[in-house]
Amino acid sequence: MTTTPPLRLGVLLGTERAIGHTPADVFARTLALAQAAESLALDDLWVTEHHFLDTSVNPSALTLAAFLLGHTQHLRVGTAVTLLPLHPPVHVAEQAALLDHLSAGRFALGVGRGQPAAEYEVIGRGIDHWQRGLGEALDIVHDAWNGTAQSQTNLYAFRPVPVVPEPRPGTRPPIHVAASSPATIETAATRGLPLLLFYDKNAEAKAEMVALHAKLAAAAGHRADGYEHAFALYAHVTDTPEQAHALMRNRARRLLEGDNQLQLLTSNDPPETDPTVDDALIDAFTERLLATQPVGDAATCAQRLADHITISGCTTVLCHVETDPSTALHNLRRLATDVFPAVRAQLSTTAGSPQ
């Protein structure tokens, strides 16, 4: 009989740069948010990795996770995500095992492949690694944590090598796999690994993805349930509906313009030099975000989070608190004091819900 993993409530930090802010400003805010999350007794803090975007200034989730682990004592710190096919998987395994030791087990490795964008040309080894590299890289990480790594495939070919350090005795860092398609869900499920899902899917869509994961995991000989599936979404406590609308409209514009900045290797179109986004598209995206994200007064945020957890079947929640970087610290405190306790209280009265 499997058990439901405990509910974990935490934050996702995207090191987002507002207009006029320097990288130093962003990293100072990131550290302040991490230390506040620790003092507020949150469970988790996860960080992102982005390349060649002027709106997000962290190119190494592993490095930032190491820094924040060194400035906290109780939080679990994870990567959401390390772009695994972009990096040598043995080196990722080494670094993850090192962080596992240095943090006494507080590190979690979230992996994904991201977009088929310029980083796979500039940093990685081409589009084939984006298309086919995630599963192979995961297998190499798993083997490396057994003490030896080797591979002889078209993507990864190297001699057997001992991998040092090995994870702490009797354990290894948890791995979450970012998924947005059935193929990536299969990559996670057939290896018995939980999912990491994002804001772009509503609760019902996440539930369908979790159900597909259960089916594929069972077919591969793994347990069907009991996985610590995680999701990230935007969360902001506001005082008025107008403030919520303005925040989500700004977020919609930022996301759409960010998509236009991506230099996709799978596109024949030249990158936009001055991307513009249609107002009607922004308006439609804004309404979708307002309908699905926990943004609004504290009661609305708590209800949406509780519903999302209950419907999706995920038990680890990562709230993106930097929708407005200038008020991120205040927002984090309101979530921790006004929203998260209400979520736990509401779920405690729901039979079968994580607590």
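Tutor: In this predicted model, the buried residues of α9 are I282, F285, T286, L289 and L290. Viewed down the axis of α9, these buried residues fall within an arc of 140°, so they line one face of the helix. Helix α9 covers residues 279-292, and its 14 residues should span 20 Å at 1.5 Å a residue; the end C-alpha atoms are 20 Å apart, which agrees. At the start of α9, a side-chain oxygen of D278 comes to within 2.9 Å of the backbone nitrogen of A280.

Helix α3 can be treated in the same manner. The 14 residues of α3 should span 20 Å at 1.5 Å a residue, and its end C-alpha atoms are 20 Å apart, in agreement. Its buried residues are P89, V90, V92, A93, A96, A97, L99 and D100. The elements that cover the buried residues of α3 include α2, β4, β5, α5 (127-144), β6 (148-152) and β7.

Just after α3, A104 takes a positive phi of about 55°. A104 sits in the loop between α3 (89-102) and β5 (107-112). With a relative accessible area of 58%, A104 is exposed, because the cut-off for that class is over 50%. F52 also has a positive phi, near 65°, and is a residue other than glycine. The loop that holds F52 runs between β2 (44-47) and α2 (61-70). Its relative accessible area of 48% makes F52 partly exposed. As background, most residues other than glycine have a negative phi, and most peptide bonds are trans.

On the peptide bonds, there are two cis cases to look at. From A80 to V81 the peptide bond is cis, with omega near 10°. V81 lies in the loop between β3 (76-79) and β4 (82-83). V164 and P165 are also joined by a cis peptide bond, with omega about 0°. P165 is placed in the loop between β7 (157-162) and β8 (175-178).

Next come the cysteines. Searching the whole structure finds zero disulfides. C301 is in no disulfide, and the nearest cysteine sulfur, that of C319, is 8.5 Å away. C301 counts as buried, at 0% relative accessibility.

H213 is in helix α7, residues 203-219. Its relative accessible area is 0%, so H213 is buried. Leaving aside residues up to four places away in sequence, H213 touches I185, A188, A189, L193, P194, L195, Y227 and H229.

Conventions:
Residues are numbered from 1 along each chain as its sequence is written. This is a predicted model: local features need pLDDT of at least 70, side-chain atom pairs count only at pLDDT 80 or more; totals for chains, interfaces and linings use all residues. Side-chain values use heavy atoms; hydrogens and water are left out. Helices (H or I, at least four residues) and strands (E, at least two) are DSSP runs, numbered from the N terminus. The expected span of a helix is 1.5 Å times one less than its number of residues. Buried means under 20% relative accessible area, exposed over 50%, partly exposed in between (1.4 Å probe, protein chains only). The arc is that of the directions from the helix axis to the C-beta atoms. A polar contact is a pair of N or O atoms within 3.5 Å; within protein, one must be able to donate a hydrogen and the other to accept it, and residues adjacent in sequence count only if both atoms are side-chain atoms. A disulfide is a pair of cysteine sulfur atoms within 2.5 Å. Contact means heavy atoms within 4.5 Å.
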